[in-house]
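Colleague: I would like a close look at one residue, and then at what else stands out around it. Please take the chain through in plain terms.

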Amino acid sequence: MKVSNEPLWWAFFGAGGALSALCVPALLFLVALAMPLGWIETPSYEAARALVHHPLARLFLFALISLSLLHWGHRFRYTLYDGLQLKHLESLIVLFCYGGAILGSVFTAFVLWQL
Amino acid sequence: MTQETIALEVFRYRPEQEREPTFQTYEVPLRKDWVVLDALNYIKDEIDGTLTFRWSCRMGVCGSCGMMINGTPVLTCAAFLETYRPGPVRIEPLANFPVVRDLVILMSDFMEKLGRVKPWIITDKEKPVAEGEYLQTPTQLADFKQYSMCINCLLCYSACPVSGLEPDFIGPAAIALAQRYNLDSRDEGSAQRMEVLSQDDGIWQCTLVGECSAVCPKAVDPAGAIQRYKVASTNDWWRSKLMPWGK
């Protein structure tokens with residue numbers, strides 16, 4: 001009997017879902033509402049850059065972005081399988097969804113590294 | 001005063017006389033105290049004795065009268081006719097199952113899947129009778145009681161879109177019943193069940209649509225059982241990969 005390898009992807013899916021559900025609304029509120037509407041003071045470019053430059057902030061951003069991408073990959077894979085009933089294209093879909101999420105994560109790591 | 005009636009459009013399939021199923025409309029009295037099952041029995045007794053359907057207890061315990069009413073899987077003994085006024089009411093056999101005849105579905109696939117998860121108490125070594133009974137506290141009972149309420153009515157399989165798309169999926173009720181024994185303090189069979197359920201056609205085909213729990217007439221929450229299983233199976237998987245010496 002073959003144990004499924006689904007737990008690998010499901011763990012990333014679960015972690016990404018939980019982390020983005022917790023953090024993205026707060027980040028959106030701060031960056032997309034509170035700052036532009038002047039409810040809180042917008043930090044200067046230098047201050048924001050210094051904040052993002054901190055290793056912990058970079059680690060957080062990497063985890064948030066890469067896990068959210070992996071969450072998307074898993075969800076979208078099943079949307080294509082069941083919603084659009086494209087399971088016959090399984091290998092292509094897996095490559096596109098997880099491959100895309102991994103590429104996005106590598107790109108995120110690169111950008112954060114360059115900061 | 002004349003008795004108000006309601007039309008029932010009933011799915012008919014008589015394999016010896018027709019290749020494709022048809023619908024037959026019956027006018028039945030719309031009585032306040034009637035459930036859909038009463039109306040079907042009225043048809044059987046008074047209008048058309050050839051109509052075939054399963055039923056037994058009439059009180060939501062036996063789980064045999066599940067059918068699709070207007071596209072939703074329900075126990076017909078728990079669905080008041082008046083809810084569907086003014087009608088017509090469309091009655092079909094449970095979706096996602098082969099139809100034997102009229103409203104009767106073939107359950108053998110489910111029975112085979114149910115057996116696979118070993119829904120009974122497994123112990124490594126049985127305690128001799130002389131040592132007394134297996135004691136259980138109310139808290140230990142509460143851990144699994146909800147899952148033990150399943151009456152195998154199969155509404156969850158009909159409601160589950162994944163069951164419809166993936167016939168190999170072991171399905172909500174079988175997984176909930178596996179969980180019922182896993183969570184029982186007297187049971188030692190969770191590893192055996194995990195072997196079955198951690199495969200691709202086990203828990204992993206579930207995409208948490210949640211319809212199984214929405215239609216369950218006994219509030220078993222199979223979707224919750226499956227999610228708990230996914231967490232347990234994921235822990236197992238990572239442990240076996242990161243600490244292969246641990247097994």
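Colleague: What is the relative accessible area of Asp221(B), and does that make it buried, partly exposed or exposed?

Modeller: Asp221(B) has a relative accessible area of 30% and is partly exposed, where buried means under 20%, exposed over 50% and partly exposed in between, with a 1.4 Å probe and protein chains only. The model is predicted, so local features need pLDDT of at least 70 and side-chain atom pairs count only at pLDDT 80 or more, while totals for chains, interfaces and linings use all residues. Residues are numbered from 1 along each chain as its sequence is written, chains are lettered from A and ligands numbered from 1 in the order in which they are written, and side-chain values use heavy atoms, with hydrogens and water left out.

Asp221(B) sits in the loop between α8 (211-215) and α9 (222-242) of chain B; helices (H or I, at least four residues) and strands (E, at least two) are DSSP runs, numbered from the N terminus. Its phi is near 60°, a positive value in a residue other than glycine. Arg58(B) also has a positive phi without being glycine, near 65°. Arg58(B) belongs to the loop between α1 (36-47) and β3 (66-69) of chain B, and with a relative accessible area of 55% it is exposed.

The peptide bond joining Arg85(B) and Pro86(B) is cis, with omega about 5°. From Gly87(B) to Pro88(B) the peptide bond is cis as well, and its omega is near 0°.

A further loop, between α2 and α3 (138-148) of chain B, contains Glu133(B). Glu133(B) is exposed, at 58% relative accessibility.

As for helix packing, the axes of α2(B) (residues 108-116) and α6(B) (residues 172-182) come within 9 Å and cross at roughly 25°. Axes here are lines fitted to C-alpha atoms, for helices over the stretch in contact, and angles run from 0 to 180 degrees between N-to-C directions. That crossing makes α2(B) roughly parallel to α6(B); angles under 35 degrees count as roughly parallel, over 145 as roughly antiparallel, 65 to 115 as roughly perpendicular and the rest as oblique. Phe110(B), Lys113(B) and Leu114(B) of α2(B) meet Ala173(B), Ala174(B) and Leu177(B) of α6(B), contact meaning heavy atoms within 4.5 Å.

In chain A, the axes of α2(A) (residues 45-53) and α3(A) (residues 55-83) come within 5 Å and cross at roughly 75°. These two helices are therefore roughly perpendicular to each other. On the α2(A) side the contact is made by Leu51(A), Val52(A) and His53(A), and on the α3(A) side by Pro55(A), Ala57(A), Arg58(A) and Leu61(A).

Last, the cysteines. A disulfide is a pair of cysteine sulfur atoms within 2.5 Å, and the count over all chains is 0. Cys65(B) is in no disulfide, and the nearest cysteine sulfur, in Cys77(B), is 3.7 Å away. Cys65(B) is buried, at 4% relative accessibility. Cys160(B) is in no disulfide either, with the nearest cysteine sulfur, that of Cys212(B), 6.5 Å away. Cys160(B) counts as buried at 11% relative accessibility.
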